Amino acid sequence: MTELLEVSGLCTEFQTAAGTIRAVDGISLSVRKGETLGIVGESGCGKSITSLSIMQLLPKRISRIASGHIRFEGKDMLEMSMNEVRNIRGNRIAMIFQEPMTSLNPVFKIGRQISESARYHLKLSKKEAAERAVEMLRKVGIPRPEKIAQQYAHQLSGGMRQRVMIAMAMVCNPQLLIADEPTTALDVTIQAQILDLMRDLQKNEGMSILMITHDLGVVAEMCDRVVIMYAGQIVEETDVATLYSNPLHPYTRGLLASLPQLAGDEERLSSIPGQVPNPANLPSGCRFAPRCPVAVDRCREQLPELLEVQPGHTCRCILQQEGVL
Ligand SMILES: Nc1ncnc2c1ncn2[C@@H]1O[C@H](COP(=O)(O)OP(=O)(O)OP(=O)(O)O)[C@@H](O)[C@H]1O
Ligand SMILES: [Mg+2]
């Protein structure tokens, strides 16, 4: 079996004052051993809620996974006990969060935060775990790791914090790393360093990565395959080379057109007009139709299915499916 993670028909709902909203609506994806799958889409399209659903980290008070399966090595995590889930989380599946300060604890030293996980999951002694924490800090390229281990999160720069997050995520040698916008908050040079680091760690440890980003430049550098999300659904899935050479969905084409392109000295940036619809107020028919430059009346009548348009290349657009685009 080569599928490490297999998500099928995942629907995640929130209870809000305005009623039940479905932020993730029937997502299916799989991550194979050793590969990097990208999840791409604009702000609010459901990327983080998808990853938090996989990790079962959403507050039960206000949200629920309404349907679907999340299989890790063939076993459905939604049918596991909380104990079993906890044993997988942080150990075999680790996550790097969008905002490092929300997951680093301000009152514990960096070294202790990394070693806690090693003590819990790897059953290391206090001393062994502390040594492992320093080793991890060194691995992620932190200078003077013994010193940094004794510091607190607020004493570090953004780039250093993100390295600490990676050290924390990698301390138990996870098989799958879920990285939610791991470099968005960082400047370009640091971003390149962190991506290099993740690639090296992946190569050396053979892990799989689920890479969440709104940056198609990051996708080109990191991913093997990619799913494009829009308004809680997948609208296109393909390998990365095909994504750039033959994007099918008008939304994907819009995202690619908004990549900065160097034309002489001028940087051109066009973005898709309008916004991702709120899940509480979805348009009828294709969810992208109100912003789509090629939509016809039929697009507004019925929600298109996600279908394989070319081998290994799926797309949720009736015009593509009919071959008229
Ligand atoms: N606590 C909540 N209560 C109600 N709705 C929520 C809640 N959290 C998220 N949502 C809804 O879920 C949708 C998807 O949110 P999500 O955080 O997954 O977006 P995202 O793709 O990660 O965006 P970003 O790129 O900004 O991180 C949002 O548009 C929002 O409507
Ligand atoms: Mg997010």
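Which residue takes a positive phi in the hairpin of strand 4 and strand 5? In this predicted model, that residue is Glu73, with a phi near 50°, in a hairpin that has two residues between the strands. Residues are numbered from 1 along each chain as its sequence is written, while chains are lettered from A and ligands numbered from 1 in the order in which they are written. Local features need pLDDT of at least 70, side-chain atom pairs count only at pLDDT 80 or more, and totals for chains, interfaces and linings use all residues, with side-chain values based on heavy atoms and with hydrogens and water left out.

Strands here are DSSP runs of E with at least two residues, and helices are runs of H or I with at least four residues, numbered from the N terminus; two strands pair if DSSP finds at least two bridges between them. Strand 1 and strand 2 are joined in the antiparallel sense by 11 bridges, and Thr16 has Gly19 in strand 2 as its bridge partner. Strand 1 (residues 3-16) also runs antiparallel to strand 4 (residues 63-72), to which eight bridges join it; here Thr12 stands opposite Ile65 in strand 4.

Ligand 1 has 16 residues around it, of which Ser43, Gly44, Lys47, Ile49 and Gln98 come nearest; a residue counts as near if one of its heavy atoms lies within 4 Å. Strand 1, strand 2 (19-32) and helix 1 (47-54) each supply at least two residues of this shell, and helix 1 gives the most, with three residues. By residue class, the shell divides into seven nonpolar, six polar and three charged residues. Nonpolar covers Ala, Val, Leu, Ile, Met, Phe, Trp, Tyr, Cys and Pro, charged covers Asp, Glu, Lys and Arg, and the others, Gly among them, count as polar.

Oxygen atoms of ligand 1 lie 2.4 Å from an N or O atom in the side chain of Ser43, 2.8 Å from a backbone N or O atom of Gly44 and 3.3 Å from a backbone N or O atom of Cys45. The protein covers 70% of the 640 Å² of accessible area that ligand 1 has on its own, as computed by the Shrake-Rupley method with a 1.4 Å probe.

Helix 1 is largely enclosed by the rest of the structure, because eight of its eight residues are buried, that is, under 20% relative accessible area (1.4 Å probe, protein chains only). Ser51, found in helix 1, is buried with a relative accessible area of 0%. A polar atom of the Ser51 side chain lies 2.9 Å from the backbone oxygen of Ser48. Just after helix 1, Gln56 takes a positive phi of about 50°.

Helix 7 (residues 158-170) is likewise largely enclosed by the rest of the structure, since 11 of its 13 residues are buried. Among the buried residues are Gly159, Arg161, Val164 and Met170.

Key
Buried < 20%, exposed > 50% of the residue type's maximum accessible area, 1.4 Å probe, protein only. Polar contact = N/O pair within 3.5 Å; in protein donor to acceptor, adjacent residues only side chain to side chain.
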